[in-house]
Structure formats: C-alpha cells, structure tokens
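These are my notebook entries on one chain, taken in the order in which I looked things up. I began with a pair of packed helices and then turned to backbone angles and charged pairs.

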Amino acid sequence: MNAINQAVKPAAARAPSYYSASLNFETDYPTLQGSVTVDVAIIGGGFTGIATAVELAERGLKVAVVETNKVGWGASGRNGGQVTGSLSGDEAMRKQMRNTLGDDVDDFIWHLRWRGHEIIKHRVAKYGIDCDLKHGHLHTAMKASHMDELKATYDEALRRGMGEDVTLFDAAGVRAQLSSDLYCGALKNTRNMHLHPLNLCIGEAKAAESLGALIFEHSEVLDIVHGPRPAVVTTGGRIEAKQVLLAGDVYHKLERRKLKGLIFPAMGGIVTTAPLGALAKEINPQDLAVYDCRFVLDYYRLTADGRLLFGGGCNYSGRDSRDIAGELRPCIESTFPQLKGVQIDYQWSCAMGIVMNRIPQLGKLSSNVWYCQGYSGHGIATTHIMGEIMAKAITGDLEQYDTFAACKHIKVPLGDQLGNPMLAAGMWYYQMLEKLR
C-alpha cells in the first residue's frame with residue numbers, strides 16, 4: 001500500500017476564467033461510490049486522462065476516469081488555447097533518442113510535432129465537438145537573433161514539404177498581419193491551430209462516455225493499490241482494474257516516493273479583456289494566435305466573441321501571482337497601444353508541469369501501473385500525442401512508449417523545495433543570455 005497521509009480536500013470550483021464563463025455545458029458526472037471493475041482506471045480528468053480514455057474506449061476497452069474536481073479543472077481548461085508544432089525538449093529528445101532511433105530520430109521528432117494536430121482535428125470532426133477550432137499562428141521575432149531561429153524553422157518546413165503552410169515575414173509583413181510595431185519579423189504557420197481548450201476537454205469526455213467510459217468527478221484518489229489486480233481507492237469507492245494510468249501531471253501528490261523531484265509547477269497568468277468590437281478586427285485581422293521567441297514569452301489570440309486573451313510572465317517559483325491583470329496590462333499595452341486602459345474581465349492562473357530537460361515523462365510504477373506527465377507549457381498537442389502512445393502501450397504496442405521511457409530524467413532532491421528555486425535560477429540565466437544575444 002502507498003497510503004496518502006492527508007485529509008481529504010473538498011473539490012474546488014473552476015478557475016474564474018473566460019473559459020469557465022463560456023462553457024458549452026457544465027459537467028455533472030457522479031462521485032465514485034462503491035466498487036467498479038474495468039480494464040483500465042485513469043487518474044486525472046485533464047487532457048492526458050481524457051485523451052487516453054477516448055483512445056482506449058475506441059479500442060474496445062472498459063475505462064474509468066476519476067477526477068478530484070471537475071473534468072478539465074487544471075491546466076487543460078486554463079491554458080492559452082494554442083495548438084502548435086513546437087515540442088518542449090526537442091533538442092534533448094534528439095540527443096537521448098538517437099541511441100534508440102539512430103538516423104531516424106529527426107524524422108521521428110518532426111512527425112511527432114504534427115501528430116497532435118491530426119488527432120485533435122479528427123476527434124473534433126468525428127464527435128462534433130464545438131471548441132472554436134481555427135487555423136493560423138504567428139511566431140514573432142523581437143530582434144535579429146530571433147529571425148535567425150525562425151529562418152531555420154522555415155527552411156526545415158520547406159524541406160519537409162510544408163511550403164504551402166508557412167510564410168516568413170519581415171517587419172512590414174508582420175504589420176499587415178497584426179496592428180503592432182513590436183516585432184521585426186515573424187513566421188506564419190497555417191497548420192497550427194487555436195481553440196477553446198475547456199470545451200475541447202469536456203467534449204472529449206462526452207465522446208469517451210458515449211463509447212462506454214465511466215467518468216467520476218469530485219472523487220479524490222487517496223491510494224493506488226499495486227499488485228496482480230491493481231486498484232484505485234477514493235473516499236467513497238474503489239476501482240478494480242487490470243491496469244492503472246496516473247495522468248494528473250503536476251496537480252497530484254500520489255506516488256511521491258517514486259515521482260517526487262521529477263516535475264515542478266510553474267505558474268502562468270492569463271487575462272481576457274472585455275469584447276473589443278471593431279478593435280478586434282483592427283488589431284488582429286487574420287484572427288491568428290501569436291507568441292514570441294523569448295524564453296519567457298507573451299502569447300495571445302482573439303476569443304470567439306472578440307476579446308483579447310493574453311498570457312505571459314511565467315512564474316517558476318510555483319506560487320500564484322497576486323495581481324495577474326496588473327502584471328500583464330503593460331505587456332498588452334506595449335503590444336497594442338490602442339488598447340491602453342482596456343477593461344479586463346477575467347484573470348486566472350495556470351500551473352504547468354515543468355520537467356528539467358523538457359522531455360515528457362512516460363514510465364511504469366509497477367508492472368501494470370503507468371504514468372504520463374510533464375509537457376512544460378506545450379500541453380494541448382502533446383497530451384493528445386501521449387494519450388495515443390499510452391493507449392498503444394497499454395494494449396501491447398510499446399514501440400513509441402519505449403522510446404520515451406528510455407529517456408533519462410533529472411530527479412531533484414527535496415522535490416519542489418529545491419526544484420522550483422533551480423527552475424527560477426535557470427529562468428534568470430536564460431533571460432540574461434537572451435539579453436546578450
């Protein structure tokens with residue numbers, strides 16, 4: 001037994017976000033009571049857990065998802081809503097995976113970049129999920145060295161046959177896409193997407209349920225029982241399963257003996273303005289999602305009702321900001337001076353699971369208990385990729401899983417107590433390097 005010596009916390013309300021205020025429908029899944037028997041029990045009702053549940057249910061397995069709060073309550077329902085081909089830790093992946101993939105490593109990583117897009121587009125179409133899915137993204141440069149990075153990405157895209165999807169802009173070209181003088185260039189990518197993440201997550205949960213999956217909310221897991229027939233134990237019930245997947249990312253405190261010191265919380269802040277009316281079309285006429293090339297970047301896009309949703313200023317201390325709107329307003333106004341004094345209707349935080357080498361962590365806690373976590377700020381696409389990989393592994397196809405599971409990760413002594421200061425120091429170091437480039 002791996003008992004958790006803590007009092008059961010009451011389920012928390014959703015974040016006071018634009019996403020929570022614009023749900024297609026609220027979830028109302030039951031609390032787990034009594035005993036349930038399934039093929040696979042999944043702990044965590046965010047994108048990792050729900051995406052894997054859909055994959056497994058489509059393969060005919062009986063699945064149960066158990067969530068402490070609400071489906072999409074954590075980072076899956078609070079993020080910036082951008083689905084891009086950027087993989088966190090791709091260089092570290094390239095170094096470590098070359099041992100197992102050899103000369104195929106570059107192709108593996110390149111195709112992985114876009115697999116999440118394919119899964120999401122297919123799922124939205126197949127299950128009729130209304131999540132404001134749109135195409136178009138700008139990766140913006142703020143100085144000449146950023147343009148060198150974008151040119152390298154552009155050249156690779158051309159070599160890979162993506163010429164119809166990408167366009168490289170100079171400063172004048174960017175101003176035709178955005179009403180901002182902040183950037184000296186940008187890479188436009190029409191394969192990248194943006195969407196309402198909470199509506200996507202809840203829509204996928206509904207899809208999983210339609211395929212026979214059981215979903216339980218307000219059901220905090222207290223213990224994972226290991227053995228030939230593993231089980232998940234909550235306050236009111238128990239799920240017996242053939243296999244268990246721990247998919248809570250940075251929000252859970254389970255299995256601390258094995259997982260402590262591997263993943264750390266970084267807090268991102270996001271705000272949403274009041275509806276901008278005609279100004280929305282003026283500042284972003286192509287309705288593009290945007291983020292810049294800096295190590296600590298700003299990211300933004302328009303919502304379906306014409307608000308500016310703007311995030312940035314990642315805090316690696318693991319603590320929430322006291323005034324997200326106050327911190328982000330100067331960034332909004334420097335990007336779009338015409339929005340000076342704009343009303344901010346919503347502000348909220350998002351805890352991202354950061355891994356030291358930025359490679360997603362896939363592994364086993366015992367022969368039939370798996371875990372999948374650590375997307376380092378690139379969660380929407382990556383969780384769907386990992387959901388597919390984990391479903392394959394659980395049903396016997398271990399090829400892609402083994403590639404990730406073989407990667408070595410840094411385990412920091414004392415967990416968050418030391419890991420978050422290390423991340424904060426690393427952030428300061430890279431910010432200093434960036435200023436010198």
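**Entry 1: helix packing.** I looked up helix H2 (residues 47-58) and helix H11 (residues 379-394), which pack at an angle of about 45° with their axes 8 Å apart. Helices here are DSSP runs of H or I with at least four residues, strands are runs of E with at least two, and both are numbered from the N terminus. The axes are lines fitted to C-alpha atoms, for helices over the stretch in contact, and angles run from 0 to 180 degrees between N-to-C directions. H2 and H11 are therefore oblique to each other; angles under 35 degrees count as roughly parallel, over 145 as roughly antiparallel, 65 to 115 as roughly perpendicular and the rest as oblique. I noted the crossing of H2 and H11 as right-handed, the near helix being turned clockwise from the far one by less than a right angle.

I then listed the contact, with heavy atoms within 4.5 Å as the criterion. H2 contributes Phe47, Thr48, Ala51, Thr52, Glu55 and Leu56, and H11 contributes Ile380, Thr383, His384, Gly387, Glu388, Met390, Ala391 and Ile394. By class, the residues of this contact of H2 with H11 are 7 nonpolar, 5 polar and 2 charged. Ala, Val, Leu, Ile, Met, Phe, Trp, Tyr, Cys and Pro count as nonpolar, Asp, Glu, Lys and Arg as charged, and the others, Gly among them, as polar.

**Entry 2: provenance.** I recorded that this is a predicted model, in which local features need pLDDT of at least 70 and side-chain atom pairs count only at pLDDT 80 or more, while totals for chains, interfaces and linings use all residues. Residues are numbered from 1 along each chain as its sequence is written, and side-chain values use heavy atoms, with hydrogens and water left out.

**Entry 3: positive phi.** Most residues other than glycine have a negative phi. I found that Asp287 has a positive phi near 55°; Asp287 lies in the loop between helix H9 (278-283) and strand E12 (289-292). Ser376 also has a positive phi, of about 50°, and lies in the loop between strand E17 (369-373) and H11. With a relative accessible area of 9%, Ser376 is buried (buried is under 20% relative accessible area, exposed over 50%, partly exposed in between, with a 1.4 Å probe and protein chains only).

**Entry 4: salt bridges.** I found 25 salt bridges in the structure, each a side-chain nitrogen of Lys or Arg within 4 Å of a carboxyl oxygen of Asp or Glu. In the pair of Asp90 and Arg113, the closest N and O atoms are 2.7 Å apart. Asp90 lies in helix H3 (residues 90-101) and Arg113 in helix H4 (residues 105-127), so the pair ties together parts 23 residues apart in sequence. Both Asp90 and Arg113 are buried.

Arg123 and Glu204 form another salt bridge, at 2.9 Å between the closest N and O atoms. Arg123 lies in H4 and Glu204 in helix H7 (residues 197-210), so this pair ties together parts 81 residues apart in sequence. Arg123 is buried at 3% relative accessible area, and Glu204 is buried at 0%.

Arg307 and Asp305 meet in a salt bridge at 3.0 Å, N to O. Arg307 is buried at 10%, whereas Asp305 is partly exposed at 36%. I also noted that salt bridges with shared partners join Glu55, Arg59, Arg123 and Glu204 into one network.

**Entry 5: whole chain.** The chain has 13 helices and 17 strands, and 57% of its 437 residues count as buried.
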